[in-house]
Amino acid sequence: MAQTTESLTAPAVRSNISGFRIVSWQDHFTDLKNGAILCDIDSRAVQFWSEDESIYKLYPSSVPLTEELTRRGYTEVIRKVDGPSWRPTPSMKERNPEWPDFWPPGPDNPLGTHALYLSWQYYRVHGTGDTRKIGRQSSNGCIGLYNEHIEELFGLAKVGTQVKLF
């Protein structure tokens, strides 16, 4: 059995077995006021820290299809909706004119069971019933989670939670 008396420190960034990068919130936020959500586009993961650091969560996610659809930077949760309805954006309708103009809440809704609306128009962290999308570049700009994960995050996050997409 190997033993050491030296202090072991974790590297600043490390990957778990699934390839997610686990990073420190301090590298992205000055504090945890209202909690923090970090959306890592490259490793396709969402991390959450509660304001008092008692809760940390890591979720696999879907990310935008292309860099043109990707927005990066700081935003915040401005609204939370349980059972969201969905309307495609004008650019989505332009690319996909066959899509409906409105989709009511329900099991097949593209926003899944819950949605965290961000301060950027049309951008959300939301659920999806299409589990094939998670872990892939498959969205039109939003960050998607399994419905059971967005339900949990929805319960943890509040309006005012800071968010960074990077």
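**Entry 1**

I looked up Glu51 first, and it is partly exposed, with a relative accessible area of 44%. I use the term for values between buried (under 20% relative accessible area) and exposed (over 50%), computed with a 1.4 Å probe on protein chains only. This is a predicted model, in which local features need pLDDT of at least 70 and side-chain atom pairs count only at pLDDT 80 or more, while totals for chains, interfaces and linings use all residues. Residues are numbered from 1 along each chain as its sequence is written, and side-chain values use heavy atoms, with hydrogens and water left out.

I then asked which side chain meets that of Glu51 in a salt bridge. It is Lys158, at 3.7 Å from N to O. My criterion for a salt bridge is a side-chain nitrogen of Lys or Arg within 4 Å of a carboxyl oxygen of Asp or Glu. The two residues are 107 apart in the chain: Glu51 sits in the loop between strand E4 (45-49) and strand E5 (56-60), and Lys158 in the loop between helix H2 (147-156) and E12. Helices (H or I, at least four residues) and strands (E, at least two) are DSSP runs, numbered from the N terminus. Lys158 counts as partly exposed because its relative accessibility is 38%.

**Entry 1: the other salt bridges I checked**

I noted that the count by this rule is five salt bridges. One of them joins Lys57 and Glu152, with 3.3 Å from N to O. Lys57 belongs to strand E5 and Glu152 to helix H2, so this pair ties together parts 95 residues apart in sequence. Lys57 is partly exposed at 26% relative accessibility, and Glu152 is partly exposed at 32%.

I also looked at Arg132 and Asp130, whose side chains meet at 2.8 Å, N to O. Arg132 is exposed, with a relative accessible area of 60%, whereas Asp130 is partly exposed at 23%.

**Entry 2: Lys164, a lysine without a bridge**

I wanted to know which side chain of opposite charge is nearest to Lys164. For charge, Lys and Arg count as positive and Asp and Glu as negative, with His and the chain ends not counted. I located Lys164 in strand E12 (residues 162-165). Leaving out residues up to four places away in sequence, Lys164 touches His28, Phe29, Ile37, Leu38, Cys39, Gly73 and Tyr74. Contact here means heavy atoms within 4.5 Å.

**Entry 3: the largest pocket**

I took the pocket search next. It runs on a 1 Å grid over the protein atoms alone: a pocket is an open set of points with protein on both sides within 12 Å along at least five of seven lines, a cavity is a set where a 1.4 Å probe fits but cannot get out, and lining residues have an atom within 4 Å of a point. Grid points are joined across faces, edges and corners, and a volume is the space filled by probe spheres set on the points.

The largest pocket has a volume of about 630 Å³. It is lined by 33 residues, and those closest to its centre are Trp86, Met92, Pro110, Leu111 and His126. Strand E7 (73-82), strand E9 (124-128), strand E10 (137-139) and strand E11 (143-146) each give two or more residues to the lining. E9 has the largest share, three residues.

I sorted this lining by class and got 14 nonpolar, 13 polar and six charged residues. In this scheme Ala, Val, Leu, Ile, Met, Phe, Trp, Tyr, Cys and Pro are nonpolar, Asp, Glu, Lys and Arg are charged, and the others, Gly among them, are polar.

**Entry 4: the second largest pocket**

The second largest pocket holds about 160 Å³. Its lining includes Glu68, Arg95, Tyr122 and Cys142. By class I recorded five nonpolar, five polar and two charged residues.

Tyr122 lies in the loop between E8 and E9. I noted a positive phi of about 75 degrees for Tyr122, which is not a glycine. Tyr122 is partly exposed at 38%.

I placed Ser119 in the loop between strand E8 (114-118) and E9. Ser119 is partly exposed at 40% relative accessibility. Outside four places in sequence, Ser119 is in contact with Thr75, Glu76 and Ile78. Its C-alpha atom is 9.3 Å from that of Tyr74, 45 residues apart along the chain.

Last, I checked Arg44, also not a glycine, with a positive phi near 55 degrees. Arg44 is in the loop between strand E3 (36-40) and E4, and it is partly exposed at 26%.
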